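Hi everyone, thanks for making time. Today I'd like to walk you through the aromatic rings in a structure that may be new to you. Let's bring it up on the screen.

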Amino acid sequence: MTETVAVIGTGPDPENPTVEGFAMGYRHAESFENQPDCEVVACADIVPENAEAFGRTFDLPDEHVFEDYETMLDAVEPDVVTVAVPPQIHEDVVVDCARSGVVSAIHAEKPMAHTWGSAQRMAQACWRRDVQLTFNRQRRFGKPFREARRLVDDGEIGDLQRVETTWSDLYDTGAHTIDLTGMFAGEAEPAWVIAQIDYREEDVRFGMHQENQAWALWEYETGVQGVISGGTGSGFADAAHVLRGTEGEIRLDSDSGNMLEIRRAGDAEWQAVDVDGEDLHGANAAGRQYGSEYIDRAAAEVLAALRQGRESELGARNGLKTAEIIFGAYESARKRGRVDFPLEAADNAFEALVAAGELEFDPTERED
């Protein structure tokens, strides 16, 4: 059986990516096309020229290029829909697709949503209708991260105690790095978070404000902790990720130049671990955009979970854990204290603070 895929939100020219849109619809489509028994059959974008350009790229018939995604769903009835629209629109599109009764799986870009309430509503709408909902946290499938998880799972550094991250922010890149921390911690449920943020220079990505500097500490129900320092002060650790255990440490993208290395208790030197030249962002595939192989692996996981009738590790359950930490960190900054989960604030506290003028960037700090 061949799964049919439709793309919602093709984006503009993929050769000119900006923080207004990285044309991830193209990346999704290419990766699904690379999977056996899978075909991209339609697209929709509110900008007709963008949809038409996408249609030409993927040789779609004119009647399968749409401006309205609901019309597309009725006409094409795809098995899988990928959603690459801005986060503020995720909920509307995902819920509409789930309620359409025609799709079996929805694969959306990160970040999961623009508010905590929106993230929960999307997940609930899909769970109620038995629609698989996944998010493109493709770095989970990079060899450095998979191998680091294997080392932790095999007890190579004893019991994991803390994951420290310096390559990050909270909302944008944090959608990856906090997710990875959860993966290293065995997909445990988060228990609490405490955080502070700074916003003095306007930074808007995909229509959402992005803090300039952040510090966050959280703990999972297992006792494992995660910590992030983003922006100024992010050099507190000597690697992008440091995994500290009772009997050793693991570093990812360390200052030594090694992508993955381990030092067990009693060892004086760090030992490099072979990851076939892959790094934080992807593999160098000839003739393809850098990082595309990770997205290929994510697409393969989406289809495998759908065909096997199992829950995907990219699914909403893990997505909600990451989202709760992110929005909980913003709520911690607003209330000036620790936030215990489950998170009760359904909004986005950072956006609310900016809107209220309580966390207003200084226009004099903007770059020309």
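**Rings and their partners**

Let's begin with a charge and a ring: the charged end of Arg251 sits over the ring of Trp270, at 3.8 Å from the ring's centre. Please keep in mind that this is a predicted model.

Is Phe54 buried or exposed? Phe54 is buried, because its relative accessible area is 0%. Phe58 has a relative accessibility of 15%, so Phe58 counts as buried too.

Next, please find Trp215 and Phe236. Here the aromatic pair is edge-to-face, with 65° between the planes and 5.4 Å from centre to centre. Which parts of the chain does this pair link? Trp215 is in strand E11, residues 213-220, while Phe236 is in the loop between strand E12 (225-230) and strand E13 (239-245). The two residues are 21 residues apart, and the pair links distant parts of the chain.

And how accessible are they? Trp215 counts as partly exposed because its relative accessibility is 40%. Phe236, at 36%, counts as partly exposed as well.

That's my tour, so over to you for questions!

How values were computed:
Residues are numbered from 1 along each chain as its sequence is written. This is a predicted model: local features need pLDDT of at least 70, side-chain atom pairs count only at pLDDT 80 or more; totals for chains, interfaces and linings use all residues. Side-chain values use heavy atoms; hydrogens and water are left out. Buried means under 20% relative accessible area, exposed over 50%, partly exposed in between (1.4 Å probe, protein chains only). Rings of Phe, Tyr and Trp (its six-membered ring) pair if their centres lie within 6.5 Å; planes under 30 degrees apart count as stacked, over 60 as edge-to-face and the rest as tilted. Helices (H or I, at least four residues) and strands (E, at least two) are DSSP runs, numbered from the N terminus. A charge sits over a ring if NZ of Lys or CZ of Arg is within 6 Å of the ring centre and within 35 degrees of the ring normal.
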